[in-house]
Amino acid sequence: MATRLFNTYSRQLEEFQPLAPASHGVKLYTCGPTVYSYAHIGNFRAYLFEDLLQRHLEARGYHVHRVMNLTDVDDKTIRNSRQQNMALADFTAPFKKAFFEDLTVLRIKPAAEFPEATAPQFIARMIEMIGVLIERNYAYQAEDGSVYYRIKEFPNYGKLAHLDLENLRPTGRIRNDEYEKENVGDFALWKAWDEADGDVGWDSPWGRGRPGWHIECSAMAGALLGDEIDIHCGGEDNIFPHHEAEIAQSEAVTGKRFVRYWMHCKHLMVDGQKMSKSLGNFYTLRDVLAKGYTGREVRYALLRVNYGLPLNFTFEGMADARASLRRLDAWVSRLTDHAAPAPTGEPHALADHDRFEQAMDDDLNISGALGQLFEIVRESNLLLDKGELSPAHARQLLGWWNRINATLAVEPDAEETPAEVSRLLDERAGARKDKDFRRSDELRDAIAALGWAVKDTKDGQKLTRL
Ligand code: AMP
Ligand code: ZN
């Protein structure tokens, strides 16, 4: 079955067909964080959905070229750096660093590129694009010195957000990066310098100023992925005005269709409201880790609900995620104890076992896919209880688990064995070889005193945390 994805542009499920079918390459652009503070877990819901998309496409044999930008100049970064009396780059640097740390904790695959808006080559490209837009009458410099996009010149303006422009009366020009659908109007491409910008600014044919947020993504996407890309993602708040503006800018410059599939995840909510910095109802990843949860637990909690549905964040939800993962861990550990030592060479398990990927093909139906997984966990646990699961079948199930876990990435954290425990373990292996079982038991107790349980399996000693 082909992979089907819900395209925000058409509001329909569409079969995924890449621009370059022969090479199996997929160009994926994902809007990244605005680095004016720590990303909150709502932002990470979006990045995790994108990670799941990438991993599933890879499971289906595609090579995904993902780009995720960092917005390191915009209204908010400038405002906050000024409040802190810091140079913009000094202010954003620690948030960039924290962002990369958080990606690692959540096991989000790093993008192939993480372009930063302030990099000189991208600023140059933004200026170049704005020049072309003016030349072609899509943009104009207004009395305030700023350059605006003339939305009435772009007939498809409003198609992505499904705006009824006929009945919406444009409210005039808009200088802010973010605004409501009710305030449709010409948006800023280049913002003329003013007092509030301090020393942030670049010279341009229209005087000193800085780019609007939307042109940043058009320029970075075009520079790194070309004029046409396969999939562009973000959270649902990005649909308007950000992605609407990106289409208008990129397509007016290139004359080509910018994006084939637009995908947006629904928001992470708190008490029925969007989790957001401006509402102050947010948790950073660090907040949740400080409550004793691990990165993989947060990953699982945010991944397990389909991206097309809103997800309410609660600590009960975190506890559920923990319980589900424990169940999986226990199952994997039981299978490992029981499995035949080497792959049996039989094709991996029953036809059923493709159902995980099939569910994922259905617009990343992760809750259906996890339903399949837990059904197999239940059935094989029952067989294990009854002594009816063969070691060869256990090995097949483990092979299957490893395959789908390349998409889920929720295996337990590798815990480093302390040096002393390793030494005792080696000594115990020697004692067992010499059939000195009394010494072997003493050593097991010594290992237990350090917080570790050692079990003897046919593959040798196995260590787990007590
Ligand atoms: P920002 O740093 O505000 O530009 O947002 C970065 C990404 O997070 C964008 O793709 C947003 O659409 C997304 N986002 C922001 N808030 C939420 C939320 N509560 N739930 C899901 N995604 C969000
Ligand atoms: Zn963007």
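In this predicted model, the centres of domain 1 and domain 2, taken over C-alpha atoms, are separated by 38 Å, the domain bounds coming from an automatic or database domain assignment. The protein is divided into domain 1 (4-279), domain 2 (314-408) and domain 3 (419-465). Twelve residues from domain 1 and ten residues from domain 2 take part in the contact, where contact means heavy atoms within 4.5 Å. Between them, domain 1 and domain 2 bury about 1,000 Å², 57% of it on carbon and sulfur atoms; buried area is the accessible area (1.4 Å probe) that two parts lose on being put together, summed over both. On the domain 1 side, L52, H56 and R60 lose the most area to domain 2, together 51% of what that side buries.

Two salt bridges are counted between domain 1 and domain 2, a salt bridge being a side-chain nitrogen of Lys or Arg within 4 Å of a carboxyl oxygen of Asp or Glu. R60 forms a salt bridge with D361, and the closest N and O atoms lie 2.7 Å apart.

Residues are numbered from 1 along each chain as its sequence is written, while chains are lettered from A and ligands numbered from 1 in the order in which they are written. For this predicted model, local features need pLDDT of at least 70, side-chain atom pairs count only at pLDDT 80 or more, and totals for chains, interfaces and linings use all residues, while side-chain values use heavy atoms, with hydrogens and water left out.
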